[in-house]
Amino acid sequence: MKYDIEHDIHYLNLLAKSFPNIAAASTEIINLSAILNLPKGTEHFLADIHGEHEAFLHVLKNASGRISRKVDEIFGEYMPLAAKKELCTLIYYPEQKLELIKNQYAGQDAQDDAQESLEEWYRMILHQLVKVFRVISSKYTRSKVRKSFPPEYSYILEELLHTRTEERDKAQYVNVIIDEIISTDSADDFITAIANVIQRLAIDQLHILGDVYDRGPGAHIIMDKLCEYHSWDIQWGNHDILWMGACVGNDACICNVIRLSLRYANLLTLEDGYGINLMPLATFAMETYGDDPCTAFQPRLNPENEERFDQKTLRLMAMMHKAITVLQFKAEAAIIKRNPSWKMDDRMMLNHIDFTNGTVEVEGKRYAMLDMNFPTVTPEDPSAFSEEELQLMKKLHHSFRVSEKLQRHIKTILSHGCMYAIYNNNLLFHASVPMNQDGTLKEVEIMPGVTCSGRVLMKKIGMMIRSAFAYDTPMEEKRYAKDYFMYLWCGKDSCLFDKAKMATFERYFLAEKETHVEEKGWFFKLRELEKTADTILDSFGVTGENRHIINGHVPVHVKKGELPIKANGKIMVIDGGFAEPYHKETGIAGYTLVYHSREFELVQHEPFTNVEDAVREGRDIKSSTQIVATTGRRLLVADTDRGKELQQQIDDLRELLYAFRHGFIKEVK
């Protein structure tokens, strides 16, 4: 192979600082070449988690059922089902399960016998955990596995992992290690450590296809987990964008975030998670809507949490809900006025009300209003804020801007994500790529006079979002970028919405169901066609025989017979409804798409009960798995994007070897 050493000499000199001689470069080539021939790591794809932290965390802990399947493969019919369930539960929730088991042994009458029985249980379970550990870690390099070890148990874990117990002396060596773990009262800590390592190695890369936020109670808990997770990425969803907009100071986004929290009686993320002070809103609502029944603004309660709220609390929530909704319409109108190129004047709904006759105009037709009590709205200028509303908005704005934890979580989302990603011939995005009726990509005006489509559109949107957070963005550009969060949330041609309108006003104030309809864009209407997938994949430069679009956003109505696999297998829609409010609508409780070295598996989850049931009774999420695509042969690291990067590193190192051997660069021994 010919090298252009003189052209590459600056780069090669830099590379030589890390690999200063032939031996070092050769060793790294051998190491990287070996890695290329390992099986591809397991990727997990999740979408539309919507604050359901317990279900999300459980899916991570059980690796979408993969750990349970591995336990079954390892122990098969030789281990009773109850014992396998206990082992799996111990891996998922080691601290809680250990506490339960020790209490059971402590309840025995003879304490000496109880202690001996507990120690025997420790020996049995530690041997079982080591077997699972060895199988789960088998597709990774020693170096990668070692990095997953907690420092205090790194040596012991490595010895247990790589010692061959088939040999008698080695088996005795392992037994001594396990006995000493027990005798030094380290068993609980060690079991927790090895369980956490198994969880970590079961998922090599986690892909979140948007919508961590809204509806469920624990978005902040999910973000806490992601902040410490070993390898993940996110493609921003419309609900994430809403919170990002609120974080950066978009008042319409702030109002929408609060409204949705009140709509689903979920203030835990706002108040407990991020310390958002809602007392000014509560005070304003009681003073302004104290004599208003606020019928349309009663929170949507799940049967499980109805008992959490008394009537007084629900009444206050309804008043706050109406107050923030009116405030939202005014904040949206202010942004729409600033951005006439968006052509959203028809969504300034307060301006279309006939206050004399109690009607409103929607799409050229007049409808009777269900509610005409607007004490803060002036008919002459309906979208103008009252003085009290202005003061309230300032307080809410300040509360979002000074929330340290919210700012940190949103910065984490920024650093780990964008509008789309391409991994191993799979195009990931949350919702849509705007299209025309004929199946071509739609040119969308992203800013006055600037239009683009497909990949360029999503890339420019991602850059605009980042510019809203950057300190060096020119003032006018930053103002527009902040405003644009609202368009991404509810604009007709938004990649994250792609509907004719967002009918928030109509759902609250009009009885006629036809006004509530939000007609979907052409991507959603054409996504059953393989041609649609090919058009989009071609435009994003995704090649290969096994290429796919993976997205979420619109729940798959399984109970109505809808299938998540579309476009002859090229589009996989994995929003199965994690959020509890969707369960009745979809019939399930979410999907996980798992990409092994041999195939894609679609895992369909039933609702998760709670952690207590999982620990006490060994209840796992009931899941069904179907193979939706096969690769034809087992994929290696060499077949992945990471493999291409490693191969390039090998090529560079070979050029460095040539430079060493031919005297272009001196070795440092």
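Reader: Let us start with D204. Is D204 buried or exposed?

Author: This is a predicted model. In it, D204 has a relative accessible area of 19%, and buried means under 20%, so D204 counts as buried.

Reader: Which residue does the side chain of D204 meet in a salt bridge?

Author: The partner is K144, and the N to O distance is 2.5 Å.

Reader: How many salt bridges does the whole structure have?

Author: A search of the whole structure gives 34. One of them joins the side chains of E120 and R123, at 3.5 Å from N to O.

Reader: Where do E120 and R123 lie?

Author: Both are in helix α7 (residues 111–136), three residues apart, which is about one turn of the helix. E120 is partly exposed because its relative accessibility is 47%. R123 is also partly exposed, at 27%.

Reader: What does E667 pair with?

Author: E667 forms a salt bridge with K669, and their closest N and O atoms are 3.3 Å apart. E667 is partly exposed, with a relative accessible area of 27%, whereas K669 is exposed at 82%. Elsewhere, salt bridges with shared partners join E530, D534, D538, R547 and K570 into one network.

Reader: What about R263, where is that found?

Author: R263 is in helix α14 (residues 251–263). R263 is buried and yet has no salt bridge.

Reader: Which side chain of opposite charge is nearest to R263, and why is there no salt bridge?

Author: The nearest is that of E518, 9.1 Å away.

Reader: Then what does R263 touch?

Author: Leaving aside neighbours within four places in sequence, R263 is in contact with P299, R300, H321, R507 and Y508.

Reader: Let us change topic to helix α2. What span should its 15 residues have?

Author: Helix α2 covers residues 22–36, and at 1.5 Å a residue it should span 21 Å. Its end C-alpha atoms are 21 Å apart, which agrees with that expectation.

Reader: Which residues of α2 are buried?

Author: They are I22, A25, I29, L32, I35 and L36. These residues cover an arc of only 155° around the axis, so they lie on the same side of α2. The buried residues pack against α27 (641–661).

Reader: Which exposed residues are on the face turned away from the buried side?

Author: That face of α2 carries A23, T27 and I30.

Reader: What caps the N-terminal end of α2?

Author: N21 does, with a side-chain oxygen 3.3 Å from the backbone nitrogen of A23.

Reader: One last residue. Where is Q199, and is Q199 buried or exposed?

Author: Q199 is found in helix α11. Its relative accessibility is 10%, so Q199 counts as buried. Not counting residues up to four places away in sequence, Q199 touches K61, I67, I91, Y92 and P94.

Terms used. Residues numbered from 1 in each chain as written. Predicted model: local features only at pLDDT ≥ 70, side-chain atom pairs only at ≥ 80, totals over all residues. Heavy atoms only, no water. Helix = DSSP H or I, 4+ residues; strand = E, 2+ residues; numbered from the N terminus. Buried < 20%, exposed > 50% of the residue type's maximum accessible area, 1.4 Å probe, protein only. Lys, Arg positive; Asp, Glu negative; His and termini not counted. Salt bridge = Lys/Arg side-chain N within 4 Å of Asp/Glu carboxyl O. Contact = heavy atoms within 4.5 Å. Expected span 1.5 Å × (residues − 1). Arc of directions from axis to C-beta. Polar contact = N/O pair within 3.5 Å; in protein donor to acceptor, adjacent residues only side chain to side chain.
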